[in-house]
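Biologist: I would like to learn how to read a protein model feature by feature. Could you take me through one slowly, giving the general idea each time before turning to the case at hand?

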Amino acid sequence: MEKKLVTVVCAKGSELSTHKWSEDDLKTGDWEACPVPTLLGVPLTVVKRIRSDDEVGVQQIATMMMISPETGLAPMRWLRDIGTTTFVRTDGVDLNEATIWQLWDYIYTMMDYYGDDDADPKKLKKKYMNPERYNKFIDQRSREK
């Protein structure tokens with residue numbers, strides 16, 4: 001019986017690449033849910049490797065995907081010594097580089113609101129971290145191109 005392959009996206013620095021992994025490959029490593037993408041309707045998980053000497057130490061893409069909706073900050077373990085990271089959707093849908101960049105763009109834009117003095121994380125979460133708002137953003141960005 002042929003094993004099902006799933007498309008994952010690997011990030012090394014700011015470079016993304018897609019790969020086909022078997023379901024067995026996905027069973028290895030400590031996968032963590034990406035909180036904001038999941039709230040946006042993209043059930044995403046990530047696994048990281050400790051960086052090697054030839055890899056960048058900061059992984060902005062992974063850090064952005066791991067921010068907390070409550071604080072706008074990523075946990076310390078996602079801020080340094082991160083090697084290549086691999087993302088996969090938990091709903092079985094193949095992942096592509098465009099989806100990762102769209103999520104990054106939306107979260108990056110949304111981060112501006114966390115810097116406001118009167119920012120209330122609960123209100124920000126309710127207003128901005130939902131599939132409707134995210135899809136509207138993606139539609140608007142696609143019309144701008």
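Modeller: What follows is a reading of this model, which is a predicted one, going from the overall fold to single residues.

Biologist: How much of the protein chain counts as buried, and how is its accessible surface made up?

Modeller: Burial is judged residue by residue, with under 20% relative accessible area as the cut-off. Of the 145 residues of the protein chain, 39% count as buried. The accessible surface comes to about 8800 Å², and carbon and sulfur atoms account for 51% of that area.

Biologist: Among contacts between residues at least 6 apart in sequence, what share joins residues at least 24 apart?

Modeller: Here one asks how far apart in sequence the touching residues are. In the protein chain, 69% of the contacts between residues at least 6 apart join residues that are at least 24 apart.

Biologist: Could you show me such pairs with individual residues?

Modeller: Leu5 lies in strand β1, which covers residues 5-12, and because its relative accessible area is 46%, Leu5 is partly exposed. Leaving aside residues up to four places away in sequence, Leu5 touches Lys20, Trp21, Ser22 and Asp94. Asp94 is 89 residues from Leu5 along the chain, yet their C-alpha atoms are separated by 9.2 Å.

Biologist: Which residues does Asn96 touch, and where is Asn96 found?

Modeller: Asn96 is found in the loop between β5 (82-89) and α3, and with a relative accessible area of 34% it is partly exposed. Beyond residues up to four places away in sequence, Asn96 touches Val9 and Thr18. Between Asn96 and Val9 there are 87 residues of separation along the chain, while their C-alpha atoms are separated by 6.3 Å.

Biologist: And what can be said of Gly41 and its contacts?

Modeller: Gly41 lies in the loop between α1 (35-39) and β4 (44-50), and at 40% relative accessibility Gly41 counts as partly exposed. Not counting residues up to four places away in sequence, its contacts are Arg89 and Pro131. The C-alpha atoms of Gly41 and Asn130, which are 89 residues apart along the chain, are separated by 6.9 Å.

Biologist: At what angle do helices α3 and α5 cross?

Modeller: The axes of α3 (residues 97-114) and α5 (residues 131-144) come within 11 Å and cross at roughly 105°, so α3 is roughly perpendicular to α5. On the α3 side the contact is made by Thr99, Gln102, Leu103, Asp105, Tyr106 and Thr109, and on the α5 side by Arg133, Tyr134, Phe137, Ile138 and Arg141. By class, this contact of α3 with α5 has five nonpolar, three polar and three charged residues.

Definitions and conventions. Residues numbered from 1 in each chain as written. Predicted model: local features only at pLDDT ≥ 70, side-chain atom pairs only at ≥ 80, totals over all residues. Heavy atoms only, no water. Buried < 20%, exposed > 50% of the residue type's maximum accessible area, 1.4 Å probe, protein only. Contact = heavy atoms within 4.5 Å. Areas by Shrake-Rupley, 256 points an atom, 1.4 Å probe, with all protein chains shown as cover. Helix = DSSP H or I, 4+ residues; strand = E, 2+ residues; numbered from the N terminus. Axes fitted to C-alpha atoms, helices over the stretch in contact; angles between N-to-C directions. Parallel < 35°, antiparallel > 145°, perpendicular 65-115°, else oblique. Nonpolar A, V, L, I, M, F, W, Y, C, P; charged D, E, K, R; others polar.
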